[in-house]
Amino acid sequence: MQQAASREAVAILDFGSQYSQLIARRVREAKVYCELFRWDAPAQRVLALRPRGFILSGGPASVYEKGAPTLPDYVLRQGVPVLGICYGMQLLAHALGGRVAPASEREYGPAELAVTDLSSPLFTGLPFSMPVWMSHGDRIEALPPGFVVLAATANSPIAAMGHSQRRLYGLQFHPEVVHTPQGQQIIRNFLFNVCGLHGTWTASSFIEEAVTRIRAQVGDRRVVCGLSGGVDSAVTAALVHRAVGDQLTCIFVDTGLLRQGEPQQVVDTFRREQGITLVAVDAAQEFLAALAGVIDPEQKRRIIGEKFVRVFEREARKLGQIDFLAQGTIYPDVIESAGRPHAQRIKTHHNVGGLPEDIRLELVEPLRELFKDEVRAVGEALGLPEEIVWRHPFPGPGLAVRIVGEVTPERVRTLQAADAIVLEELRAAGWYRRTAQAFAVLLPVRSVGVMGDGRAYGHVVAVRAVTTDDFMTASWARLPYEVLARISTRIVNEVAGVSRVVYDVSDKPPATIEWE
Ligand code: XMP
């Protein structure tokens with residue numbers, strides 16, 4: 001990855017902790033750019049970042065076990081500060097001549113930290129005593145030469161250690177988790193007091209750098225970008241447009257499977273407000289015809305994916321000579337993590353922007369290094385409207401996976417109307433931003449109801465609302481009864497043919513977020 005020369009950065013080496021990404025988020029929240037690497041990543045890739053400090057994550061192994069991840073030699077050779085967390089601390093101790101051994105009991109959960117050296121730059125401005133989160137089986141029994149104890153807990157006499165001259169530090173607890181309330185201050189102390197960084201990496205500095213990079217890559221050639229209506233592609237388009245203006249053409253394919261009113265909103269935002277050249281294709285008929293009679297969700301996904309590529313390609317060919325495809329790939333899509341196999345990505349089935357082999361386009365992926373919340377901050381700084389920047393994620397195959405059973409134009413209209421009510425009521429109640437994803441699902445069953453004087457069989461709509469940070473696990477949202485009541489009453493009154501509304505109270509796992 002190309003780096004701006006002036007950018008201050010920190011490298012985080014991942015030894016398999018479930019919290020590694022969280023460390024990266026915390027560093028970024030301190031406005032310091034960082035990247036996460038697997039512990040065994042090639043030295044030259046890590047050093048290309050020109051790190052001004054290293055953070056070594058935790059991990060499940062024991063340093064004295066055969067085959068356990070080791071501390072790469074280049075880390076200490078750089079002469080820059082190092083902060084080892086949990087396993088990272090044990091690695092430092094082990095590598096520098098200390099002794100690490102199994103603790104008599106595994107320590108997991110809250111502990112009270114007593115700082116024994118308040119003059120250490122790591123603990124500047126912090127109280128003498130504070131709650132921290134522990135999760136370890138091994139502990140340090142003897143410090144490496146030159147190190148001193150900085151803090152202790154009842155079970156860990158060496159809960160923090162440091163060598164101030166060499167600027168090497170270790171923490172037995174996890175400063176990155178919310179259960180260590182002052183953890184962010186400890187991380188900031190490491191970044192600012194120990195590494196001497198300034199915390200200047202913001203949305204606007206990112207935009208400036210990204211614009212320079214995009215201009216250098218694209219030159220005077222042309223770029224195409226597929227807009228989906230979602231935040232990632234929207235921010236990508238706005239950023240590339242800021243960099244190369246009219247050399248960018250966006251293509252928006254209306255599959256007929258989007259939320260109510262969304263196609264018009266995309267066209268208005270990008271064409272009118274942002275002044276972007278936008279080709280909007282109404283392909284609803286084509287998609288619906290291809291889906292007629294299809295019930296199997298995987299088959300729906302495949303049909304929509306293939307059709308999308310064909311429609312996109314057809315439109316892209318009409319544009320003449322194009323050399324680049326801008327895509328909204330974000331950091332969680334590409335992050336390499338020691339604790340998670342590469343294949344486990346959310347967007348594997350994302351089909352917006354895929355193109356056939358024979359159209360050879362070079363990729364422009366300006367958001368590759370950003371987390372979702374950072375993408376949103378950049379979107380706001382670029383002046384995109386709130387509804388787009390804060391929009392919940394939406395599956396590529398759209399409402400087709402939220403219509404259980406056959407997708408027909410009538411069923412799409414029914415679902416769109418019910419879904420619009422769910423979102424409207426959540427917004428009105430201030431719950432939209434408190435949920436990560438919320439929507440209506442149309443079920444393939446009919447249920448009896450009383451309509452006027454008679455009995456009628458109507459559609460059943462399920463309402464789904466979840467909270468989650470990473471979409472890998474999710475909890476059903478505890479929406480207030482009054483909000484659910486308003487949603488239900490309005491759907492039954494306003495959406496023709498629906499006589500029953502149910503709320504989905506399943507967590508993920510075992511249930512997924514989508515129904516199909
Ligand atoms: P699940 O249903 O697997 O969803 O819990 C996790 C996240 O992925 C989205 N999702 C999809 N996105 N194409 C997509 O682009 C799909 O086929 C698809 N299926 C699920 C889902 O909306 C949620 O954000």
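I began with Pro509, which sits in the segment after strand E18 (498-503). For the record, helices (H or I, at least four residues) and strands (E, at least two) are DSSP runs numbered from the N terminus. The peptide bond from Lys508 to Pro509 is cis, omega near -10 degrees. I then checked the bond from Pro509 to Pro510 and found cis again, with omega near 5 degrees. Pro510 is also in the segment after E18.

A note on what I'm looking at: this is a predicted model, where local features need pLDDT of at least 70 and side-chain atom pairs count only at pLDDT 80 or more, while totals for chains, interfaces and linings use all residues. Residues are numbered from 1 along each chain as its sequence is written, and side-chain values use heavy atoms, with hydrogens and water left out.

Next, the sheet. I traced 9 strands in an open sheet, order E2-E1-E3-E4-E9-E8-E7-E5-E6, with mixed pairing. Two strands pair if DSSP finds at least two bridges between them. E2 (33-38) and E6 (129-142) are the edge strands; each has a single partner, so one side of each lacks a neighbour in the sheet. Neighbouring strands here are turned by 20 degrees against each other on average, direction ignored. Axes are lines fitted to C-alpha atoms, for helices over the stretch in contact, and angles run from 0 to 180 degrees between N-to-C directions.

I zoomed in on one pair: E7 (148-152) and E8 (160-163) run antiparallel over 3 bridges. Ala151 stands opposite Ala160 in E8.

Then the helices. H1 (20-29) lies across E1 (9-14), E2, E3 (54-56) and E4 (82-85), at about 165 degrees to E2. Contact means heavy atoms within 4.5 Å.

Which residues of H12 (372-381) are buried? I got Glu374, Val375, Arg376, Val378 and Gly379. Buried means under 20% relative accessible area, exposed over 50%, partly exposed in between (1.4 Å probe, protein chains only). The cover over these H12 residues includes H1, H6 (203-218), H7 (231-244) and H13 (386-389). Just after H12, Gly383 has a positive phi of about 85 degrees.

Lys31, in the loop between H1 and E2, has phi of about 65 degrees. Lys31 is partly exposed, at 40% relative accessible area. Phe471 has phi near 65 degrees and lies in the loop between E16 (454-467) and E17 (475-476). I noted Phe471 as partly exposed too, at 23%.
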